[in-house]
Amino acid sequence: MIKPSYIDLYKSGELEERVERAYQILQDCTLCPHHCHVDRSKGELGYCKTGDKIRIASFGPHFGEEEPLVGSYGSGTIFFSGCNLRCVYCQNYDISQVPAGDKVDKKELAQIMFSLQKQGCHNINFVTPSHMIHSLLAATFEAAKKGLKIPIVYNSGGYDDLEALQLLDGVVDIYMPDLKYADEEIGLKYSKVKKYMTIVKTALKEMHRQVGDLQIRDGLATKGLIIRHLILPEDLAGSEEIIKFIAQELSPNTSVNIMEQYYPAYKAKEYKEISRRITSTEFDYAIKLAKNAGLNLI
């Protein structure tokens with residue numbers, strides 16, 4: 001087994017320092033690109049509607065993730081409640097858009113992580129962590145004390161802050177962000193965020209700088225970047241431009257999951273152009289683009 005780098009950070013004391021810095025940022029919160037400047041340490045709420053409490057919607061071995069994460073015993077997923085996006089078609093809107101799940105402290109979260117490792121999970125997979133980086137760091141520090149030794153996966157919507165990501169350098173082994181839109185007006189319309197592509201490009205470049213292309217050993221991901229790209233109706237995602245960015249500005253060896261499971265969930269029916277599933281032609285076109293660019297399709 002390859003030793004995750006957060007173990008050395010823990011032993012050197014650097015990981016504890018990262019935790020302290022993250023909690024300092026929380027007092028004038030700029031953990032995600034919204035930069036709300038609220039004092040979440042005192043329970044104030046910004047865009048993510050999440051104060052100082054750690055709220056877990058669900059956790060457990062998950063077998064529906066990408067194959068290199070799942071292996072034989074599953075990916076140890078931990079779903080944070082809340083989100084820094086407002087996607088009108090969100091399939092998990094019941095936990096992302098409203099407070100849901102149980103409140104835990106950092107030691108309880110660390111115990112969840114350790115229990116997933118004991119169940120045989122191949123990694124700890126934090127889902128929607130962009131607004132909860134302080135909790136991710138604190139719990140990883142506590143879990144390292146207990147002997148956690150499996151990779152950390154950062155599974156985000158891609159709308160991540162550069163400075164916050166730098167706190168995760170050497171902590172996160174596998175980044176798995178979404179890359180949703182090429183057009184920033186589309187991002188504003190359907191996810192209610194500004195400068196989506198500008199911010200996500202910067203974030204993905206930093207993620208790739210930290211972990212590089214995906215590395216697989218014995219069929220399991222050990223380190224690297226996996227990008228998810230959900231195909232939307234009417235090519236609203238702008239797949240050609242997105243794939244060009246990945247191949248030319250990140251790496252032609254980038255591992256990408258072109259996703260076809262869009263369906264009009266949540267408020268999507270209010271938007272005629274996204275009120276249907278995608279067609280096989282729309283999906284096949286995106287696959288062809290990715291293959292022609294030489295990307296590694298997962």
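Q: How many salt bridges does a search of the whole structure find?
A: The search finds 13 salt bridges, a salt bridge being a side-chain nitrogen of Lys or Arg within 4 Å of a carboxyl oxygen of Asp or Glu. The model is predicted, so that local features need pLDDT of at least 70 and side-chain atom pairs count only at pLDDT 80 or more, while totals for chains, interfaces and linings use all residues. Residues are numbered from 1 along each chain as its sequence is written, and side-chain values use heavy atoms, with hydrogens and water left out.

Q: Which parts does the pair E66 and R228 tie together?
A: E66 lies in the loop between β1 (54-62) and α3 (67-70) and R228 in strand β8 (residues 220-230), so parts 162 residues apart in sequence are joined. Helices (H or I, at least four residues) and strands (E, at least two) are DSSP runs, numbered from the N terminus.

Q: Why is K180 called buried?
A: Its relative accessible area is 12%; buried means under 20%, exposed over 50% and partly exposed in between (1.4 Å probe, protein chains only). K180 forms a salt bridge with D178 (3.3 Å, N to O), and D178 is likewise buried, at 17%.

Q: How do you know whether E206 and R209 are buried or exposed?
A: E206 has a relative accessible area of 7% and is therefore buried, whereas R209, at 51%, is exposed. Their side chains meet in a salt bridge (2.7 Å, N to O).
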